[in-house]
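Me: I'm new to this one and would like a close look at the charged side chains. Could you start there and then show me what else is around?

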Amino acid sequence: MKAIRGMNDILPEEIGKWHFVEDTTRRIFDLYGFAELRSPILERTELFLRGIGEDTDVVEKQMYTFSDKSGASITLRPEATASVLRAVIEHGLLGKDPIQKLYSIGPMFRYERPQKGRYRQFHQINVERLGEEGPYCDAETLAMAYELATALDLNNVSLEINSLGCASCRKVFMQQLQSFLEHKQAVLCEDCSRRMHTNPLRVLDCKTDTCQQVVADAPSIEDFLCDDCRGHYHCVLEGLKSLQVPYTKNARLVRGLDYYTRTTFELTASGLGSQNAIAGGGRYDGLISTLGGPDVPGIGFAFGIERIIMLLEDRTEDVKGCYVVIHGDERLQHEALKLLSDLRSANLRAEAVLEKSFKAQMKRAGRSEYPVCAIIGEDELARGVVTLKDLRTSFQTQAPRNEVAKKVYSLLEEQGGYS
Ligand code: AMP
């Protein structure tokens, strides 16, 4: 039996990196006053149809949609925003506090062609910030994303930013873009020659070579922004400068989901090949009301965890603990069990495999990552002591039975780095 294509196991050898990413995320987001919200992985299909937009690749091609036993259409969440907003509306969170700063971490599902950096089950760190419409909220939210990328030690992270304007200035731009594209329809890819009528913005985002060549000469959204949107964009950029976050403007950046207004952005990192986007997001001022909630503005972003993991060095942490070995008959097993329990009570990791021969136990200790092993033999038992062997240096010493944990700590400290 094998895992489903595009869905990966995360094995113990890799989990240190995942913990590092998750712990760093929680630490940074806590500094900005964000709280975690966990929503279910399954939602009614309709939520995503309304929340993401029917003309998007995600909804058109990538959703895992099933009928459950009652015949209801349900979907494995392809992104988190719609679910988080549904939860916010359902629980009236904005009534309790009109400003909500939320994050979530978890798996998402998209039926895409699997390749390096692109999977069918993947994980996102997701942020939603609701209730603030000013540009400094955008600048600070983007700075938080950038700070997370920096704290994760990612190299050459760059931030590209654009403004998609509001419904009214974007409408004018879309008309211009559409009439520009009409003359080029023959060379557009199949998707774009259809999308140019339903959602011409998406053509800007198409990765096909011919479409990219076409859009190189297309009108630029920046020339169509109304005064309010232009002012907002300017202040976001000024805010980023104050926060010392470097950025590049990219007027072609529209991103895959329909709901964005004004600020959109993407973070890329080097070392990932063609799938080099590690995070993306933007402002979505109309989305909460589209989903049946109050007319409250919002901004959010999502990082793809697998792509971050691909960039991280192996993280092996020093084991703070002691391997326990017995040398003698079964009576010693009880002593070993008590010692294991005492060591754990003293906050030290402790393990043993007591049924094996002394030689096999020592071999396992030597192969383990434990820096120290404790040996209990007949002689030790009679004298109320335990032999401690530093497995890094082979140095041996003895400690009274009731001071073993203390002695293990001092051996760990001798090699430095443990606390
Ligand atoms: P999106 O939700 O499409 O805006 O994507 C946000 C981030 O999630 C991207 O920048 C990627 O890092 C990551 N991502 C999106 N789709 C996938 C996928 N199929 N496999 C792995 N990571 C993905």
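Reply:
**Charges, then the surroundings**

Let's begin with a positive surface patch, made up of Lys356, Lys359, Lys363, Arg364 and Arg367. Lys and Arg count as positive, Asp and Glu as negative, with His and the chain ends left out. Patch members have over 30% relative accessible area and no salt bridge, and like charges are joined within 9 Å, placed at NZ of Lys, CZ of Arg, CG of Asp or CD of Glu. (Areas are Shrake-Rupley values with a 1.4 Å probe.)

Before going on, keep in mind that this is a predicted model, where local features need pLDDT of at least 70, side-chain atom pairs count only at pLDDT 80 or more, and totals for chains, interfaces and linings use all residues. Numbering runs from 1 along each chain as its sequence is written, and side-chain values use heavy atoms, without hydrogens or water.

Lys363 is exposed, because its relative accessible area is 51% and the cut-off for exposed is over 50%, with buried under 20% and partly exposed in between.

Now for charges that do pair up. The structure holds 25 salt bridges, meaning a side-chain nitrogen of Lys or Arg within 4 Å of a carboxyl oxygen of Asp or Glu. One of them brings the side chains of Asp191 and Lys61 together, at 2.6 Å from N to O. This pair ties distant parts of the chain: Asp191 belongs to helix H8 (residues 190–198) and Lys61 to helix H3 (residues 57–62), 130 residues apart. Asp191 is partly exposed, at 23% relative accessible area, and Lys61 is partly exposed too, at 42%.

Asp191 has another partner: it forms a salt bridge with Arg194, with the closest N and O atoms 3.2 Å apart. This time both residues sit in helix H8, three residues apart, or about one turn of the helix. Arg194 comes out as partly exposed, with 36% relative accessible area.

Elsewhere, salt bridges with shared partners join Asp57, Glu60, Lys61, Asp191, Arg194 and Arg195 into one network.

Staying with helices for a moment, Met174 lies in helix H7, residues 167–182, and its 24% relative accessibility makes it partly exposed. From Met174 to His197 the separation is 23 residues in sequence, and 9.9 Å in space from C-alpha to C-alpha.

And the strands? Eight of them make an open sheet with mixed pairing, in the order E1-E5-E6-E11-E10-E9-E7-E8. Strands E1 (35–36) and E8 (248–249) stand at the edges with a single partner strand each, so one side of each has no neighbour in the sheet. E1 runs parallel to strand E5 (residues 100–109), and two bridges join them, where pairing calls for at least two DSSP bridges. Ala35 has Leu102 in E5 as its bridge partner.

There's also a hairpin to look at. Strand E3 (residues 64–67) and strand E4 (residues 73–76) run antiparallel and are joined by four bridges, with Phe66 bridged to Ile74 in E4. Five residues lie between the strands of this hairpin, and Gly71 takes a positive phi near 90 degrees.

That brings us to backbone angles. Most residues other than glycine have a negative phi. Asp153, though, has a positive phi near 65 degrees. Look for Asp153 in the loop between helix H6 (135–151) and strand E7 (158–163), where it is exposed, with a relative accessible area of 52%. Arg262 also takes a positive phi, near 50 degrees. Arg262 is placed in strand E9, residues 261–268, and is buried, with a relative accessible area of 17%.

Conventions
Patch = residues over 30% accessible without salt bridge, like charges linked within 9 Å, V, L, I, M, F, W, Y side chains within 5 Å. Buried < 20%, exposed > 50% of the residue type's maximum accessible area, 1.4 Å probe, protein only.
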